[in-house]
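Subject: Structure handover

Hello,

Here is the structure we talked about. Please open it alongside this email, and read the notes below it.

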Amino acid sequence: MIITHEVPEHFIRQVTTRKPPLLFSWNASQIQEHLILSHSYNLFCLSEEKLVGFLLSSLLPIENECEAELFHIEVFPTHQRGGVATRLIHALHQKCQNSFKKTVIYLETAKNNHFAINFYEKMG
């Protein structure tokens, strides 16, 4: 598997036309706007040149600290529980650590999303 920050070809079409939709809270224009923001930092996981997961975030440097806001992380069903989300989070954290002394990653999830809560707690 490869983690890259380069947006895969047809990414927006893949995530907005999939049934059920992957990004149920963002439409195609919102995704496009996010991808071109200067503080946008996004990671894509490819397996055999096919997209299997992604992370959408922003990085805001404040003095010697990197504040990352994790907007969305998604792993396609065929690759869930295979370490893709962990690799994406580690890659985000590594990006911050390479440039800053301190890293803070902000995120939110629904109270009843126990799978996500357990995952984020495990990640620290």
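Start with E49, which is exposed at 78% relative accessibility. Exposed means over 50% relative accessible area, buried under 20%, and partly exposed in between, with a 1.4 Å probe and protein chains only. E49 sits in the loop between β2 (40–47) and β3 (50–62). Helices (H or I, at least four residues) and strands (E, at least two) are DSSP runs, numbered from the N terminus. E49 is not a glycine, yet its phi is positive, at about 65°.

Before going on, note that this is a predicted model: local features need pLDDT of at least 70, side-chain atom pairs count only at pLDDT 80 or more, and totals for chains, interfaces and linings use all residues. Residues are numbered from 1 along each chain as its sequence is written, and side-chain values use heavy atoms, with hydrogens and water left out.

R81 is another non-glycine with a positive phi of about 65°. R81 belongs to the loop between β4 and α3. It is exposed, with 75% relative accessible area.

Now the salt bridge. The term means a side-chain nitrogen of Lys or Arg within 4 Å of a carboxyl oxygen of Asp or Glu. The partners are E65 and K102, with their closest N and O atoms 3.7 Å apart. E65 is in strand β4 (residues 65–75) and K102 in strand β5 (residues 102–106), so the pair ties together parts 37 residues apart in sequence. E65 is buried at 18% relative accessible area. K102 is partly exposed at 47%.

Next, helix α4. Its buried residues include A116, F119 and Y120. Seen down the axis of α4, the buried residues fall within an arc of 95°, so they line one face of the helix. The arc is taken from the directions from the helix axis to the C-beta atoms. These buried residues pack against β4 and α3. Contact here means heavy atoms within 4.5 Å. On the face turned away from the buried side, α4 carries exposed H114, E121 and K122. Just after α4 comes G124, with a positive phi of about 95°.

α3 (84–99), β5 and α4 (114–123) each supply at least two lining residues. The lining has six nonpolar residues, four polar and no charged. Ala, Val, Leu, Ile, Met, Phe, Trp, Tyr, Cys and Pro count as nonpolar, Asp, Glu, Lys and Arg as charged, and the others, Gly among them, as polar.

Last, L43 in strand β2. L43 is buried, at 3% relative accessibility. Leaving out residues up to four places away in sequence, L43 touches I3, T4, H5, G53, F54, L55, L88, A91 and L92. L43 and L88 are 45 residues apart along the chain, with 6.7 Å between their C-alpha atoms.

Best wishes
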